[in-house]
Amino acid sequence: MAVLPVLASLLLTLPSPMPGPETAEGCEGVTVAVALPGELVVRCAHGADARQALDSTGLAVHAGRGEGPYGDRAYVCRINNFPTAADDDCAGHEDGAPYWKVWRVGLAPVAWRTSQTGDGPAGVAVCPGSLVGFSFGGEMPVGPEQVITTPGWLPPRC
């Protein structure tokens with residue numbers, strides 16, 4: 001019977017599990033949605049810009065060498081090993097080649113808006129309560145209302 005109190009004290013000291021990647025509901029930071037082949041990964045993150053938020057998601061983010069599609073250095077070349085090294089050596093963006101697009105949410109209507117900043121994701125301001133998306137070579141596969149399902153949610157002004 002002495003085993004039960006010891007077991008109970010061990011369970012009380014274990015860290016809480018991290019929230020799953022399938023939802024960021026109740027996120028007190030920035031919601032980051034990443035469209036990977038066959039799945040949409042949603043994480044709650046922190047940062048003052050979209051790049052910082054992406055880097056804090058726990059996803060494997062690989063920076064490219066040279067200049068990226070937005071004219072940015074150390075651009076987002078791979079997320080969770082996509083695209084593969086065989087498809088892109090991350091030596092710099094070539095005109096016409098697909099790249100990781102960064103999306104912000106605009107109003108009237110609430111919808112994804114492509115971000116055309118000169119600094120890439122680092123030029124997209126985010127704040128607690130906001131939503132930012134990343135897709136490779138195309139549109140976001142779901143609307144913002146499918147990522148944050150809180151009724152009446154609107155993107156904050158950052």
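**Close-up 1. Arg-51 forms a salt bridge with Asp-55.** The closest N and O atoms of Arg-51 and Asp-55 are 3.2 Å apart. This is a predicted model, and the structure holds one salt bridge.

**Close-up 2. Arg-51 and Asp-55 both lie in helix α2, which covers residues 50–55.** The two residues are four positions apart in this helix, so about one helical turn separates them.

Close-up 3. Asp-55, at 41% relative accessibility, is partly exposed.

**Close-up 4. Five strands form an open sheet.** The order of the strands is β2-β1-β7-β5-β6, and their pairing is mixed. Strands of a sheet pair through backbone hydrogen bonds, in either a parallel or an antiparallel way. At the edges stand β2 (39–45) and β6 (111–114). Each of these two has a single partner strand, so one side of each has no neighbour in the sheet. From one strand to the next, the twist averages 30°.

**Close-up 5. Strands β1 and β7 pair in the parallel sense.** Strand β1 spans residues 30–36 and strand β7 spans residues 131–136. Five bridges link β1 and β7. Which residue in β7 is the bridge partner of Val-32? The partner is Val-132.

How values were computed. Residues numbered from 1 in each chain as written. Predicted model: local features only at pLDDT ≥ 70, side-chain atom pairs only at ≥ 80, totals over all residues. Heavy atoms only, no water. Salt bridge = Lys/Arg side-chain N within 4 Å of Asp/Glu carboxyl O. Buried < 20%, exposed > 50% of the residue type's maximum accessible area, 1.4 Å probe, protein only. Pairing = 2+ DSSP bridges. Axes fitted to C-alpha atoms, helices over the stretch in contact; angles between N-to-C directions.
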